[in-house]
Structures are given as structure tokens and as C-alpha cells.
Number of protein chains: 2
Amino acid sequence: MAVRVDQGLVMLSDTRTNAGMDNIARFRKTFTYVNPGERAIALLCSGNLSITQGVKSMLGRAIKDSALDPDVETILNCPTMHRVAQIVGEAMCAMQGQYRSTIEMQGSAADASILIAGQRRGGKPRLYLVYSAGNFIEATEDTPFFQIGEHKYGKPILDRIIQRETSLEEAVKAVLVSMDSTLRSNLSVGMPLDLAVIERDAFDFRVRTRIEADDEQFATLSQSWSAALRKGFEDLPDVLG
Amino acid sequence: MAVRVDQGLVMLSDTRTNAGMDNIARFRKTFTYVNPGERAIALLCSGNLSITQGVKSMLGRAIKDSALDPDVETILNCPTMHRVAQIVGEAMCAMQGQYRSTIEMQGSAADASILIAGQRRGGKPRLYLVYSAGNFIEATEDTPFFQIGEHKYGKPILDRIIQRETSLEEAVKAVLVSMDSTLRSNLSVGMPLDLAVIERDAFDFRVRTRIEADDEQFATLSQSWSAALRKGFEDLPDVLG
């Protein structure tokens, strides 16, 4: 999930992938790109892993090529975040064009989606959601967050908490408790988690960290949240009379 | 959703059906059958409405026929709750056999599922989930609740609260706040709600009520829960440091 509030951008992903219940693996789904002081971008991937790895590899190859040939356009040198979304969408299109029909012939799903969160110097913090077809939408003032992948369990708490005025600190807590709910209710989501935070106009990452299964701070937050829910629940007015 | 705790059974459903986003209607999804002092049963329906209405109509016709001919087996005169589940499963099978292929030829989904919660004199409170194929599973001590239909948004709070020792009062509050979360996050779920409660060994309904959109008690519960979540959230330890 990725959140855009006035103070900046907060991104959180898990690391579990599965090809059927008996084929579970751990893969990073958040990838960060930064030119400190100029731009910071995070990509969060969901869906067919071969497709999203292919997209990431195309983006990385362009960055490598641009070191030798500055004319090569990359997500780090292109003029706007909107252009970043187009470049990611074009890579998605290329991968889908190359593999979708054969993937589907094998009975697998080629669908994938990618969240792009970032800010470049001279622009505002932006948040995009790129679909399998390479088309994309941008989060607006009315839509402060996007979720991809297994999103339903964790949505109610985001719906309740996240607004554009929400502080970065609160947004980080909200994505963590949202993920905590999803972790408890769905086996296809699993620790560790990758958290990234971009503060507005910093053009760099304030946080880029992996939260391991034994992370004490996350355990404390999770327990505090459970206790608060339990307490809040006990304090509810009786209804049965 | 339906919950089975040591003290009895709690059932809650919404009333929204939709055939596409632009074709929304209101239909009751909870149906109760009672022979006071002998047995009380609630059915909760989800999925293709023509299928579940057909099942309900078969069950009702048998009850009507049994008034003239006591040999006709019904969910109110059959020997066990397990046999009730079989009868509902047989009706489901009959409806699917009659309509499934033509429904699917039209491009619609014939899937349906039905929760059965009840207790007959001489037996324990039972909770079953009947699938489209007419097969069914029973809630065990390890599985205190079933959800059908749009279930993910409301599952985390049930996962946290409901255990077999949970009181009926707490179970009622839990299903209501669970539904409240789903109502906030998904347009395909809508008020009013139908709530039913069967206390263990009462062989009757303690509660059979419709909660309308302007119900004050539900509004108070919903607001209290929002306030408790907000308060609990604000009290969480800081993580950004």
C-alpha cells in the first residue's frame, strides 16, 4: 500500500509470493530509486512476479545504460513523475506483450500492478497506480491511498484514519496496523515488511527499512493495537439489553 | 455472518443485492424458522438470488405440505440439525441442477452459499455452511464463525474477538462492528441489517430484528467504535522516532 498525505509519502509492502498454497516464497516487492536532493521514487509490485521482475529489470537496465549514454531516458532523469509513470507503464506493456499469451496458455495469470510513489525537485509528491495494460491513475486529493494485492482486510482502518492532513507519523502507524490486520487474516501475506517514507520536499528517503518478523517495535505496535481494540470493544455500549 | 459460541448463535446479514453496480436492490437474506421450545433455525443466503430464493421456496413448500401430510420431511420436523443441512444441500443441488447451465450460458454466476444456524431440542447449537454443490461443512470448536458473501473487510475484528468462550452480548457487538467496517469500505453491502440471536437451550429466538439505517442504537455503537479506534490509534507508540 502507498499513502500520499500533505507531509509526504508512506509505502509498505510484505514479502510473500505464492504460486498456489503449497508454493510460497519470499521476494522483495518494494524497490527504491534515489538521486539525493533531486528525486526519490519507490515502486511497489503486485501480481505475476515474472512480469514485475521484468519491468524492474528494464528500468534498471536503462539506468545502467544512461551512465554511458546520458540520452537514455530513465525514471531517474526523466522530466516529471508523470513521465516516470509512463515509462513504468511502457515497460509493463512490453512485458505483457511478450509473455501474457504464453503465461495464460499455461493456465496462469499474467496480471500485475505497480504503485509508484515519489517526488522530483520542482514537482509535488505523486502517487500512481499502473495496471497490467500499462495505463495508470494518479491519487488525487480525494484519494489519499492506493492498495494493490490482498487489500480488503486492511482497508477499513485506512478508510477511517488516512486523510490528506494526516501526519507522516500517523500514516506510518496506520499502514503498519493495516498490514497487521491483513497478516492476521490471510496466509498469503507474510513478514518481513518493507517500509519506505519520503518526506515532502526532501527528495530523499527518510526511512527505507525492512521490518523482520522479530522486530520489537512492530511487535509492540501490534500488541498495543490489539489491546486498544480489545479495550475499545469492551467499552462499547451493550446492545442486547 | 454467523457465530457459534458456547452461549448460543448470533447471525447478521445485510440486505443489499446487486446485479452489476447499476442494478442494486434490497432483499432479505436471513430467514428464520421456529417451533418454539423445540427448535429454532436461521438461514443466511449469499450469491445468486434466484437460486437461494428457489431453495427457500422448496423448504417453505415442504413445511406447508407437512401440515396436511405429516410424513413430508421438513427442516422443522427432521430428526437432527445435520439432517437440516442435508435437506438444504439437496434443495441447493436441485436448484443448481435446474438452472446452473442456463444461468452460466447467459454469462451470470450461479454460485450461492447458505449458512444454517440452529438448535433442536436434544441437540447442541450447530452452524453449517452449505456450498453450491450441496455439500456442507460444520463449524467446530476451532472455527467459531463463518462468513459468506463480502467477508474480507469485516474478518479481522472477528478474528481478534470471537472465541467459543465469547459471551452472546460480545458476539452481537462483534458482528455489528464487523458489519460496520464492511459497510464503510464496500458499496455492495448496505443497510438495513437483519440480526438474529439464538440462546443455547432456549429453542427459540432471543432476538429477531431489523436494524434500519436510522437505528439509534446501531449509530451509537458505530460512533463509539469509531471513537475507540481513533483513541486507540492516537495512543499507539510512535514509530518514526
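A residue is called buried when its relative accessible area is under 20%, exposed when that area is over 50%, and partly exposed in between, using a 1.4 Å probe and the protein chains only. Helices (H or I, at least four residues) and strands (E, at least two) are DSSP runs, numbered from the N terminus. This is a predicted model, in which local features need pLDDT of at least 70 and side-chain atom pairs count only at pLDDT 80 or more, while totals for chains, interfaces and linings use all residues. Residues are numbered from 1 along each chain as its sequence is written, and chains are lettered from A in the order in which they are written.

Eight of its nine residues are buried, so E6(A) is largely enclosed by the rest of the structure. Two strands pair if DSSP finds at least two bridges between them. Strand E5 (residues 30-35) of chain A runs antiparallel to E6(A), joined to it by six bridges; here A:Phe31 has A:Leu43 as its bridge partner. Three residues lie between E5(A) and E6(A) in this hairpin, and A:Gly37 in the turn has a positive phi of about 85 degrees. E6(A) also pairs with strand E7 (residues 112-120) of chain A, antiparallel and over nine bridges, with A:Ile41 opposite A:Gly118.

Now turn to chain B, where five strands form an open sheet in the order E5-E6-E7-E8-E9, with antiparallel pairing. Strands E5 (30-35) and E9 (136-138) of chain B are at the edges and have a single partner strand each, so one side of each is left without a neighbour in the sheet. From one strand to the next, the twist averages 15 degrees. Within this sheet, nine bridges join E6(B) to E7(B), and B:Ala42 stands opposite B:Ala117. Helix H2 (residues 81-105) of chain B packs on the sheet, touching E6, E7, E8 and E9 of chain B, and its direction makes about 160 degrees with that of E7(B). Contact means heavy atoms within 4.5 Å, and angles run from 0 to 180 degrees between the N-to-C directions of axes fitted to C-alpha atoms, for helices over the stretch in contact.

How values were computed. Heavy atoms only, no water.
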